[in-house]
Amino acid sequence: MIIPFKTAVVLSNIFIFSSLGIYLNYRSEILFSGLNLSSFNRKRLAVCCIFLCFYMALMSFYPCYNDFATFRQYLVCGGLHFLRSAFFVFLPVLTILYIERWLGGRKITLLQKHLIVTGLIFIFLTSTNIWMALLIPPEHRTDTITYTFLVSLLFSGIVSAIYINISYASLAEKRLRFERQLEISRLNEQKTKAELEALQAKVNPHFLYNTLNSIAELSLHQGAKARRMTIALAELFRYSLNKKNETMIAVEEEVEMVENYLMIEKIRFEDRLDVSIEVDEAARRLQLPKFILQPLVENAVKHGLREPDKKGIIRVVIKSNKGKIDVIIYDNGSPFPEDIQIGYGLKSVMDKLTLFYPGEHTIYFENDPLKQVTISMTESLAHVSRV
């Protein structure tokens, strides 16, 4: 059985362009990803190409483009159909997608948006019959327009159904992606909180150990001082427990806690310890990770009082400077060695800075002109809690 030339061409035309349209539908994101276009314009181009393929597959069903007997005549008919299809595809698709994007920024319900877009699809596709009358020879005009109008109605329904289906599928995908991001955010929050609690567990026992040793030492010969120190320690831990669920606290609250710590040390060393704290008014309400100052001040006290006959001088300065918070802690102890040994307290501070200000902080140990530790943190990150 020999298949007539025209039948073979028609079947091949339907198969090739339908297959190409289906292929573009599934591979458009990859095929058009290399183009220097915005995601919206890539979407518009992909949709236009997909619809153009399906319009070309319908070419043989139009009476005006079905009058060919040779391959050359088929190419001529195909070229005319391509030009017509390009006009009647690109114009409505680009317009409808632009209107859909414009509607996305308006306060309308999803149902109203779908009604508007599907109405535009029917209007654009069925209105092609008006322009067809200008392009089709008189002998084919009536049959082609009648056929085109019926096909346009059918095609409008199919396109509208596809649009609504894709719209709801996209909405479901966005909801699922949002839920996943929310879950990831929640897990990151739990992870951050767990890391901070682990860091906090390093600081509190270390400080408690040193303070209890001091109380034990004073209790042997200076009971009144030991009692005052015990009360001060209780006040300090009462403050700490009241802020247990907070990972970030205001600078003024952190300073208050440091003052409680220094009160304990002043009871112990009396006149051998000279302390001053200066805080810019602009920096008082900014947020800092909890217990970030106390380990540094404790370290300064330890080094400032290392020599028994020397009076220890501790200076704490906190200021807001050009979008950053600068924390400067000075002591008059021996200079920092070149290979600084990092203990639990300093390690916890550095870990917190890395946790809360990744890439947005610096810490310097200086001996000249003064021996001091300087920490700079991005001020914008200090306004809100990260957990």
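Buried means under 20% relative accessible area, exposed over 50% and partly exposed in between, with a 1.4 Å probe and protein chains only. The legends below describe a predicted model, in which local features need pLDDT of at least 70 and side-chain atom pairs count only at pLDDT 80 or more, while totals for chains, interfaces and linings use all residues. Residues are numbered from 1 along each chain as its sequence is written, and side-chain values use heavy atoms, with hydrogens and water left out.

**Figure 1. Overview of the protein chain.** The protein chain contains 10 helices and 7 strands; helices (H or I, at least four residues) and strands (E, at least two) are DSSP runs, numbered from the N terminus. Of its 387 residues, 39% are buried. The mean pLDDT, the predictor's confidence in each residue from 0 to 100, is 78, and 83% of the residues reach 70 or more. Over residues 383-387 the pLDDT is below 50, although this stretch has 15 contacts in the model beyond near neighbours in sequence; contact means heavy atoms within 4.5 Å. Where pLDDT is low, the predicted coordinates should not be read in detail.

**Figure 2. Surroundings of histidine 114.** Histidine 114 belongs to helix H4 (residues 110-126). This residue counts as buried because its relative accessibility is 4%. Beyond its neighbours within four places in sequence, histidine 114 is in contact with Tyr163, Ile164, Ser167 and Tyr168.

**Figure 3. Asparagine 13 in helix H1.** Helix H1 holds asparagine 13, which is counted as buried because its relative accessibility is 2%. Not counting residues up to four places away in sequence, asparagine 13 touches Met56, Ala57, Met59, Ser60 and Tyr74. Between asparagine 13 and methionine 59, which are 46 residues apart in sequence, the C-alpha to C-alpha distance is 8.1 Å.

**Figure 4. The largest pocket.** On a 1 Å grid over the protein atoms alone, a pocket is an open set of points with protein on both sides within 12 Å along at least five of seven lines, a cavity is a set of points where a 1.4 Å probe fits but cannot get out, and lining residues have an atom within 4 Å of a point. Two or more lining residues come from each of helix H1 (5-31), helix H2 (39-57), helix H3 (71-104), H4 and helix H6 (138-219). H6 gives the largest share, 13 residues. By class, the pocket lining has 28 nonpolar, 7 polar and 9 charged residues; Ala, Val, Leu, Ile, Met, Phe, Trp, Tyr, Cys and Pro count as nonpolar, Asp, Glu, Lys and Arg as charged, and the others, Gly among them, as polar.

**Figure 5. The largest cavity.** The whole structure has 2 cavities of 30 Å³ or more, and the volume of the largest cavity is about 60 Å³. Leu296, Asn299, Ala300, Ile329, Asp331, Phe336, Leu346, Phe365 and Val373 line the largest cavity.

**Figure 6. The cis peptide bond at proline 369.** Aspartate 368 is joined to proline 369 by a cis peptide bond with omega near 5 degrees. Proline 369 is located in the loop between strand S6 (361-366) and strand S7 (372-378).

Technical notes
Grid points are joined across faces, edges and corners, and a volume is the space filled by probe spheres set on the points.
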